[in-house]
Amino acid sequence: MAGESKKLYAEDDISKLAVLKSTDSIPRKYLMCVAAASVAEATTYPLDLTKTRLQLQGEIASGGANLQYRGMFKTTLGIISEEGFFSLWRGILPALYRHAIYTGFRMSAYEEIRNSLSKTDSQGHQTGFPLWKKVVAGMLAGGIGQFMASPTDLIKTQIQMEGKRRLMGKKPRVTGMSDAVRKILRQSGIPGLWRGCWPNVQRAALVNLGDLSTYDSVKRLILDNTRLKDNSTTHCLSSGCAGLVGAVMGTPADVIKARMMNQPTDGNGRGTLYRNSFDCLRQTVQGEGFLAVYKGFLPCWLRMAPWSLTFWLSYEQIRRSFGAKAW
């Protein structure tokens with residue numbers, strides 16, 4: 001009798017899970033991703049601006065400009081004192097548009113790939129989706145998503161540097177997002193919107209190797225090998241590991257991406273400083289040393305860690321609030 005009772009409860013749980021799964025449509029999950037990403041981006045955006053300024057300081061110095069501040073904290077204080085507190089959010093609008101495309105796609109694509117390849121055994125453990133598949137799925141989802149969103153990243157990077165250019169006495173290149181789009185299209189056409197996209201795609205693939213696959217793997221390890229439940233504690237531990245691995249993997253590509261996108265262009269829309277991302281890497285290492293590719297690592301990690309934490313906590317909570325199963 002007890003066996004039949006357990007069986008009934010198991011069947012009831014399975015039926016409930018099926019109902020929950022049926023409500024997890026792709027558009028619904030996409031919107032939940034975008035909502036969580038918007039919260040995380042707005043919260044941590046000042047660290048992204050600081051990181052970009054740090055990564056481009058060596059390039060600015062090579063042009064004969066005098067650096068007024070170095071390091072994460074001095075850079076942040078310098079921006080506040082010289083440009084105003086709200087300048088820390090300069091370029092936030094294209095950043096939000098970027099995540100509406102990039103994060104919405106990468107999260108939805110990864111989850112669909114995982115759900116189609118993985119199975120759950122009799123003990124509730126996930127099988128059929130080992131680490132190497134998670135790595136490949138994360139890199140593909142991140143790379144394709146970033147390629148789609150690359151124009152918004154180009155615009156964001158240029159807007160982020162406008163405050164610094166004005167303080168250096170240089171003529172502003174753009175006055176806002178719409179102006180940046182018009183000037184890029186007029187100068188380089190539609191392909192110009194994807195200038196510097198390949199280091200951007202490489203960075204996104206490496207970051208998602210660290211972020212998605214690490215979060216997924218660590219969360220699964222915690223649930224399968226400890227007494228912790230699928231709650232905020234597990235999400236915090238998983239997102240902390242994901243942020244650290246993502247920063248280590250992605251910072252070099254992030255430096256190259258920022259320099260490729262910020263360089264001036266000729267009449268044909270081609271960069272005047274670097275021929276391609278490998279040339280940018282070579283010049284950076286030769287001119288500033290190998291550790292130059294890890295410039296901005298501290299704000300990158302300090303930004304990725306709270307971004308990852310805020311995003312995953314928000315995303316898991318939003319999914320729970322809308323009746324979707326945990327990620």
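A salt bridge here is a side-chain nitrogen of Lys or Arg within 4 Å of a carboxyl oxygen of Asp or Glu. By that rule, the structure above has 20 salt bridges. Please keep in mind that this is a predicted model, in which local features need pLDDT of at least 70, side-chain atom pairs count only at pLDDT 80 or more, and totals for chains, interfaces and linings use all residues. Residues are numbered from 1 along each chain as its sequence is written, and side-chain values use heavy atoms, with hydrogens and water left out.

Let's start with arginine 53 and glutamate 83, whose closest N and O atoms are 2.9 Å apart in a salt bridge. This pair links distant parts of the chain, 30 residues apart: arginine 53 sits in helix H2 (residues 26-62) and glutamate 83 in helix H3 (residues 72-83). Helices are DSSP runs of H or I with at least four residues, numbered from the N terminus. Both arginine 53 and glutamate 83 are buried, where buried means under 20% relative accessible area, exposed over 50%, and partly exposed in between (1.4 Å probe, protein chains only).

Next, look at glutamate 316 and lysine 219, a salt bridge with its closest N and O atoms 2.8 Å apart. Glutamate 316 belongs to helix H11 (residues 297-321) and lysine 219 to helix H8 (residues 197-225), so the bridge ties together parts that are 97 residues apart in sequence. Glutamate 316 counts as buried because its relative accessibility is 1%, and lysine 219 counts as buried at 5%.

Now turn to glutamate 288 and lysine 295, which form a salt bridge with the closest N and O atoms 2.8 Å apart. Glutamate 288 is partly exposed at 32% relative accessibility, and lysine 295 is partly exposed at 28%. Finally, salt bridges with shared partners join Lys29, Glu111, Glu112 and Arg319 into one network.

Key
Helices (H or I, at least four residues) and strands (E, at least two) are DSSP runs, numbered from the N terminus.
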